Amino acid sequence: MAPPLNRAERRKLGNTSKKFVALTLAGLVVASGMSASATLFPTSRAEAITIGAGIWDGSGVGTGSLAHSSGQQVYCMELGRIVDGANSDAALSPTATLPGYNAASFNFQGTNFNNVSTGDVSGVEIQKLNYVMQKYGQTADPQQAAAVQLAIWQLRSAGASQSYNDLLALQTSWTEQRSPGVTDRANAMVAEAQSASFAATAPASPVISMPMPYAGTVNLEAGTTDVTITNGQFHSPPAGVTLSADGKTATITDGAAKSIPFFGQPPELENGDIDRFYPVTVNGNYSVAIASTEVNYSRNGGISQGVGAPGAGGTEEGAFEAVAFDPDTIWSPSLTTETPSKIIPKGEKFNDTVTFGVAENSNPWRVGFTSAGAKKFAPITAKGTLYGPFLTDPALNPSATPPVGAPVAATATVTTDALVGPGAYEVETDIVSQEAGYYTWKWDIVGDDQAPSVVSPASGHSSLPENYFFTDGFGTVSEGQLTGSDIQFSTQLSDDQVTIGGSFTDELNVFLANGGWLQTDGARTEFVVQGVVYGLNERPTQSDEVPADAAVMATTQMTINGPGKVNSEPITVPLNTEYDFLTVRWCLTDDLQTPENAGKAVEFCDDFGVPSETAEIVRPEVSTLAQPDGAVKGNIKDKGFIEGSMPDLPAEIGFTAYMKPEVGKPVLDENWKPTVDEAGEPVLWTQEMIDEVGEDAICSAQPVATTERVPVTGTGTYDSPEVLANTPGTVYWVEELFIEDPETGEMVSVHKGECGLPNETTIVDYPKVTTKATPEAIPGDSIFDTGIVDGVLSTRDEVSYELTFEAYENKNGPTTAPDEKLCTVDSKVWESTEPTAVGSTGEYKSESWKVTTEQIGSEILWVETLWMTEKTDEGEIKSEIHRGECGAADEITRVKAAPAAAAAATGTDLALPIGIGAAAIVLLAAGGLIVTRRRRNRLTAAPAAAEGVSAE
């Protein structure tokens, strides 16, 4: 609560107590003569003073600054007095003395303080108040403003009453509770003000620091306002510094001490000389503030609070004496070099890249600046010498100087550009390489070779060290160039004809076309050459390019290390090559070499299709002739004829037999056996099956036999192993020649015949039988039949053939066509008693027998049967392989009546045939049946002669 007003103070305020806001030194309170429980703000005066930054409790009680209607931030100068919102807002005016005062009674936070007083303040004490208010008081920070207020009351406490100090202690405690740390800040401000010197002291002159000849800093003390540099340029200004557009002037805007970096800019002398030293000069101005001994103060008397703001101080201004520094620019130019191309082909110009710089620990490159600020660089000249050719790389033995007598191939000079200065410079000579060898550049910078402006300026102070010399040395790795050895060769194949599977060699005659053979590690460099074998269908024409249709058959490599003849390893022609000619082309190219040897020889290839590098590819020529005809159950074979050229390698020939598929014939397996279905019945070819195979593949669709391969020892004739022909049909043979691959050991097919050739066809069939019976007879004549066997018979021991004959009587008139109904058991009149063995083709007669008068007017119809018997492990198999037609024209004997004389002469013989016929019936009845494995070949026993037939 605020203390009540005494009687005199209430009278002085009168009825105006509701028109102003009473602010205690602890904050804004009500000055109503009652309590400080409420705050009243004037509503009719816009100029009334108001609360500013500080620590307030929300009811107008607190510690901090006030906002004066003039816009200034003011503070209470008198602890224990109230702030009259109207009267305390009077105009501020400077005063050199703050008057002492005595507040008779003051209540704060329930504590009453009497006689709160302190004395006058002037002189240095005013400067201390100004120091705090000027440095820290103009702020929006609540705690900082509260600390400034507490510091002001502390500075006025000298000679103050005990009540003053007690009230200050309570005020400080109240504020600290609400803003911890505010007391420490206030104490720091007081200590700073107590120790401050308020005498005017001009800053010292600028200090130039240049550890490098072209860069430094200017160090300035506080109070410096601006500096100007000569032969330099400020850059990278720190905070509180601004630079002029040309960087020559720096302006300090906050009065603090600064360190400003700059670039040195040596001036270009009128005579163009480049001196070792140049002056850097700095001058400028300063302005020093003088602390004010007056405070801007406002108080209307009575019990009103007096408020104050910092008073205006003075300044002391002046100019520095110019300071200068002469940096030493002595420097040591150097260079590094690297050839842009390590390989210089014969006929091309030598070149190099020279990069200028400065030696280690040297000052930077000497520069100068025109009056317009343009930079120029000191010119430096370097001289280069190209040594060579050498057969050994100089980089193996680098040195500062070249060997005595080292050959010189070229020289060059390069001078740096004044506007460009150090950096890379390309150098190209007019000298071209004419000889193979190693070359190396050596570059020197010699002081005596430099421009007088650099080494002998008028001042006599050269910017280069005395007798300056720099060299990159002889044999520097980066300075090597070379022209490759011009190696060429002629070539000759060992043969002009090469058999497939055979091998050949190639001879290279190596020579140097120009210059020497470059060395590596003390010996002639080894180079890899590669031969590519190309296959062609026609003899090639010589050209310097490889035709697009040339196919690579093989490659081979060898190493050369000097002139002379060298032979390749044997090169084998693939067995399966389809080409008729080969040619070899040799090349020496960089991609074949090791990285360190690439480029040490000129790339070279001989021509494609050189006659001496071309050979004809020869191979065996195979023709065949199959057995044209073969017998069923007989052996058939093929025959191969090998001509041409055979390699000296193991070889063999094989044969395969294919049976032509035919509709209705069995489907055969690879062993010439019929295939059967699930029911065990033979599978037969159908037209649909044949169509599915296709016309192109039908020939080889049914292999029935593959022979073992026959060893081949060279050209000649080779019979296939015999093949057993189990069924009739058309057989196609296909031969295949195999040769052993010399590299893999595998047998490789080099020839396979075509299926279906006429000379490779064997027709397998049974023998054919035709007959010619006795055409006419009269009773008493002996008649017989003749079987004519043609075709091919099996020659195997296990197979035999035989013929049997039968005779039938036709009494029903002439036979006009074959008719099996005419030959029955009832019409049979005779049959063979013993089969006739057939061992080869030819004619075989049946047994003969005599006709009788009973047969006059009849026809005897003959039927022949050819049987084949095969002995197997399961027993004999007898098969009927031919049976003649009944009534065939050549198988009819017509019986006619004998002329009368003949009949009389033979009349007594008629009884004999009857007797013979009767006996034959008896014999046949006892004869039994002939049984074979085929149903159609089963024969029913018949009488050897019917009644009235006579047999011989």
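I began with strand E59, which 4 bridges join to strand E62 (residues 786-790), the two running antiparallel; strands pair here if DSSP finds at least two bridges between them, and strands (E, at least two residues) and helices (H or I, at least four) are DSSP runs numbered from the N terminus. At this pairing I found Thr771 opposite Gly787 in E62.

I noted that this is a predicted model, in which local features need pLDDT of at least 70 and side-chain atom pairs count only at pLDDT 80 or more, while totals for chains, interfaces and linings use all residues. Residues are numbered from 1 along each chain as its sequence is written, and side-chain values use heavy atoms, with hydrogens and water left out.

I then looked up the sheet around E59, and found an open one of 3 strands in the order E59-E62-E66, paired antiparallel. Strands E59 (768-771) and E66 (842-845) stand at its edges with a single partner strand each, so one side of each is left without a neighbour in the sheet.

Next I checked confidence, given as pLDDT, the predictor's score for each residue from 0 to 100: the protein averages 88, and 89% of the residues score at least 70. Over residues 1-46 the pLDDT is below 50, yet this stretch has 105 contacts beyond near neighbours in sequence, a contact being heavy atoms within 4.5 Å. Residues 903-952 also stay under 50, with 76 contacts beyond four places in sequence.

Last, I recorded that the protein has 9 helices and 71 strands, and that 46% of its 952 residues are buried (under 20% relative accessible area, where exposed is over 50% and partly exposed in between, with a 1.4 Å probe and protein chains only).
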